[in-house]
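Colleague: Can you walk me through this one? I'd like the helix packing and the ligand site.

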Amino acid sequence: MKEEMMGSLDGRIALVTGAGRGIGRAEALYLAREGARVVVNDPGVAPDGSGADSSIAASVVAEIRDQGGEAIASTHSVAEWQGAEALVGTAVERWGDLHIVVNNAAVSRPGSLVRATEDDFDAVVAVKLKGSFNVSRWAAEYWRGRHEAGDHQDRSLVNTTSTAGLDSPLPLNTSYAAANAGVAAMTIVHALELRRYGVRVNAISPGARTRLSLELPAGVPSLTQATPAPGAFDPWDPIHQAVVVAYLGRSDTPLTGQVLTVRGSTVIPTNTWSLGAPVTKEDAGWTVDELADVLGEAPFTDPFDRLTFLRRVYDVSTHDEIQRLLDSILDADLAEAGGV
Ligand SMILES: NC(=O)c1ccc[n+]([C@@H]2O[C@H](COP(=O)([O-])OP(=O)(O)OC[C@H]3O[C@@H](n4cnc5c(N)ncnc54)[C@H](O)[C@@H]3O)[C@@H](O)[C@H]2O)c1
């Protein structure tokens with residue numbers, strides 16, 4: 001075999017959920033280019049999760065075959081327990097193994113809390129949080145069985161979380177933020193539990209130009225809108241996420257239990273919640289009045305200070321400016337819903 005034909009993922013078998021579009025598509029194509037055989041999973045739904053189109057996954061499979069790679073399509077929904085089992089089974093039945101699982105699928109149903117519906121919340125959590133759990137659960141069972149049978153190969157599980165659930169929350173994103181924060185938490189738990197089976201578990205927190213990022217709620221302008229000049233470096237191309245996922249999927253990568261924020265060619269180790277300065281009392285509990293005194297003096301982070309994305313996009317900084325901006329976003333959301 002010629003040197004240039006060798007890929008960093010030769011011999012690896014991968015599964016990418018939500019691989020028909022956006023970041024997942026880029027990941028599936030790149031993993032295949034690096035030599036992995038890839039299950040391209042995508043039921044081809046609309047951004048809100050409605051509808052279905054089996055040609056979406058099939059066309060990515062065709063692209064991979066055109067570039068000389070091996071792939072098969074799956075249109076299972078990760079939100080379904082049995083669908084997720086069948087999805088993991090697809091790789092194993094076809095190629096006899098599974099080394100890399102990328103939980104990437106998501107839907108979005110933005111809306112403010114005062115008008116959110118139970119159905120909207122459930123739909124988002126079902127794909128992002130429960131879907132990641134479902135696929136990870138079936139993969140973990142398979143990997144445990146292989147490990148206990150004496151097969152100690154490296155396995156890599158890569159979750160996909162979001163700045164919206166971590167460092168830069170947005171209004172109108174209750175379900176999406178909650179689901180993504182949950183995925184980041186699950187990443188650490190699964191890294192701890194699965195290490196003994198040779199499974200590394202990490203997550204990426206992407207920023208890329210896709211249909212999801214171009215249509216932010218309530219007309220919030222997207223950072224990813226600018227189209228680069230032909231041939232110029234494109235920081236919002238999903239290829240940057242794909243390269244990081246390929247790195248995490250390589251059998252000689254040591255990382256586990258990490259969340260990596262990926263913005264173009266910048267990769268940022270990301271820590272979620274951390275503890276601030278404690279207030280303590282020796283050998284006794286607090287009274288409410290005492291707490292009011294000490295916590296009244298303690299340094300807290302105002303939630304407005306966490307709005308890094310909105311503050312950058314709208315160039316607002318004072319408390320009043322931020323409150324006015326939030327009011328306009330929330331009013332626009334209510335107006336869109338026919339409320340106000
Ligand atoms: N684009 C960004 O800047 C950005 C930022 C933060 C996080 N993310 C995350 O990156 C991931 C990819 O998002 P994207 O921007 O490429 O979105 P996208 O809408 O372009 O692609 C998501 C894909 O997931 C598929 N999908 C939806 N429900 C599914 C289900 N039940 N089972 C399997 N597949 C399903 C859709 O059909 C779609 O093709 C998501 O997890 C998203 O939360 C993206």
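Modeller: Here are some notes on the model, then your questions.

Modeller: This is a predicted model, where local features need pLDDT of at least 70, side-chain atom pairs count only at pLDDT 80 or more, and totals for chains, interfaces and linings use all residues. Residues are numbered from 1 along each chain as its sequence is written, and side-chain values use heavy atoms, with hydrogens and water left out.

Colleague: At what angle do α4 and α5 cross?

Modeller: Roughly 15°, with the axes of α4 (residues 118–148) and α5 (residues 174–194) coming within 8 Å. Axes are lines fitted to C-alpha atoms, for helices over the stretch in contact, and angles run from 0 to 180 degrees between N-to-C directions. Helices are DSSP runs (H or I, at least four residues), numbered from the N terminus.

Colleague: So how are α4 and α5 oriented to each other?

Modeller: α4 and α5 are therefore roughly parallel (angles under 35 degrees count as that).

Colleague: Which residues of α4 and α5 meet?

Modeller: Among them are Phe121, Val124, Lys128 and Phe133 in α4, and Tyr176, Val183 and Met186 in α5. Contact means heavy atoms within 4.5 Å.

Colleague: How do the residues of that α4 and α5 contact divide?

Modeller: Eleven are nonpolar, seven polar and two charged. Ala, Val, Leu, Ile, Met, Phe, Trp, Tyr, Cys and Pro count as nonpolar, Asp, Glu, Lys and Arg as charged, and the others, Gly among them, as polar.

Colleague: Switching to the ligand. Which residues come nearest?

Modeller: Asp42, Asn104, Tyr176, Thr210 and Arg211, out of 29 residues around the ligand. A residue counts as near if one of its heavy atoms lies within 4 Å. Tyr176 is also one of the α5 residues that meet α4.

Colleague: How far is the side chain of Lys128 from a ligand oxygen?

Modeller: A polar side-chain atom of Lys128 lies 2.8 Å from an oxygen atom of the ligand. For Arg211, an N or O atom of the side chain is 2.8 Å from a ligand oxygen. For Arg21, a polar side-chain atom is 2.9 Å from one.

Colleague: Back to helices. What about α3 and α4?

Modeller: The axes of α3 (residues 81–95) and α4 come within 8 Å and cross at roughly 45°. That makes α3 oblique to α4. Trp81, Leu87 and Val88 of α3 are among the contact residues, as are Phe133 and Trp138 of α4. The residues divide into ten nonpolar, one polar and two charged.

Methods:
Helices (H or I, at least four residues) and strands (E, at least two) are DSSP runs, numbered from the N terminus. Angles under 35 degrees count as roughly parallel, over 145 as roughly antiparallel, 65 to 115 as roughly perpendicular and the rest as oblique. A polar contact is a pair of N or O atoms within 3.5 Å; within protein, one must be able to donate a hydrogen and the other to accept it, and residues adjacent in sequence count only if both atoms are side-chain atoms.
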